[in-house]
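Here are a few exercises to work through with the model open beside you. Try each task before reading its solution.

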Amino acid sequence: MKFVDISGFGHSGKSVITDLLKEFKGYQVPHYNFEFNLLRIQGGLLDLKFALHDNWSPIRSDAAIRRFQRLVRRIGPSANLSRPLTLAYSNGMNYDNAFQGKFSEITRDYIGRLIRYSYRGEWPYIVLDQPVWKQFLQRILLNFRIKKSFLSDIYVTEPDNFIPITVTYLEELFGLIKEEQTTCIVTHNAVEPFNPTEALEFFKNGKVVIVQRDPRDIYASTLIPQKGYIPEYEISRHWQIKGSFLEINNLDRFIERQKLLYERIRLSRDNNKVLRLRYEDVVLNYERTVTQILEFLNESPEIHFKKKTFFNPDQSKKNIGLWKSMENQESIRRIQEALPEFCFQ
């Protein structure tokens, strides 16, 4: 099974690639609003890889397993009145719903395969991740000699097998939702655009397409969205969220953030599993870019059997040069002067 992730830098227009791949035979594209965050999220698979594989130690690996367990408890179940604890723990990602009700179960099995053995013992580092009230209670019990020790399950992991175990886990997980005719699973933002090859180790046959966009249009599109083309599935709330995390209301911070994002790209680590595209090239040079994408994915042109059904470049052209409609051209000038190499000429 093949995997392709579509990634970007925040409102960079990656949905044009998502819509394009919907037109490819055998490509299973998720709901536009579902992002598979398990790799990049704090405490997720990349952090687990660092602690269990790249820089293994008894302290880091044990702590990473515990943090991953807590993460799964938060993102797996949906909040449900019939299970009161989920009202407190569930954060709304609802991965059990996304994976046939089995995400938590399969992930617990995966964690079990990562653990070589466990034992009961005292482990002073555990308290650092516990609530302060629990540490306070333990201190009182010890001081009053009510309890002499506090035992916990301590996990010793298997560093050498982390990658193959994780590859199998992800194949099993996506196998739950794979449709009969599917030859390639598409994900959104599973792989970050800065150093994507780190995450691609988790897939036997995985690739990533990364989209970047003129920062002037990123800025303008969140302030004057009505001037461009807005897909039907977008809602105004998304614009508010994007504007907030992009720091649109503070021009200096917006520029600083854009600069930082692009400074952290590790182009030297890219390989033939990484394709970086400009939003403007995808739209304005449609035929050439489609050919480039087909070659990157090792697919023949015949696979593109629903051409322009979901991605119409003529509509997306309305989102290029939005910055020219901004009343405050001084802001645009400052963005251009600070980030000239990222502006589309």
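**Exercise 1.** Over the face of which ring does Arg213 lie, and at what distance from the ring centre?

*Solution.* Start with the criterion: a charge sits over a ring if NZ of Lys or CZ of Arg is within 6 Å of the ring centre and within 35 degrees of the ring normal. Arg213 lies over the face of Tyr279, at 5.1 Å from the ring centre. Next, turn to Lys207, placed over the face of Phe296 at 4.9 Å from the ring centre.

Some ground rules before going on. This is a predicted model, in which local features need pLDDT of at least 70 and side-chain atom pairs count only at pLDDT 80 or more, while totals for chains, interfaces and linings use all residues. Residues are numbered from 1 along each chain as its sequence is written, and side-chain values use heavy atoms, with hydrogens and water left out.

**Exercise 2.** Classify the aromatic pair of Tyr286 and Phe311, and work out which parts the pair ties together.

*Solution.* First, the rule: rings of Phe, Tyr and Trp (its six-membered ring) pair if their centres lie within 6.5 Å; planes under 30 degrees apart count as stacked, over 60 as edge-to-face and the rest as tilted. The structure holds 22 such pairs. For Tyr286 and Phe311, the centres are 5.8 Å apart with 50° between the planes, so the pair is tilted. Now place the residues: Tyr286 lies in helix 14 (residues 286-296) and Phe311 in the loop between helix 14 and helix 15 (313-316), so the pair ties together parts that are 25 residues apart in sequence. Helices here are DSSP runs of H or I with at least four residues, and strands are runs of E with at least two, numbered from the N terminus. Finally, both Tyr286 and Phe311 are buried, where buried means under 20% relative accessible area, exposed over 50%, and partly exposed in between (1.4 Å probe, protein chains only).

**Exercise 3.** Asn189 and Asn298 each have a positive phi; is each one buried or exposed?

*Solution.* Take Asn189 first. Its phi is near 55°, a positive value in a residue other than glycine. Asn189 is in the loop between strand 5 (184-188) and helix 9 (197-200), and its relative accessible area of 9% makes it buried. Then look at Asn298, whose phi is also near 55°. Asn298 belongs to the loop between helix 14 and helix 15 and is exposed, with a relative accessible area of 61%.
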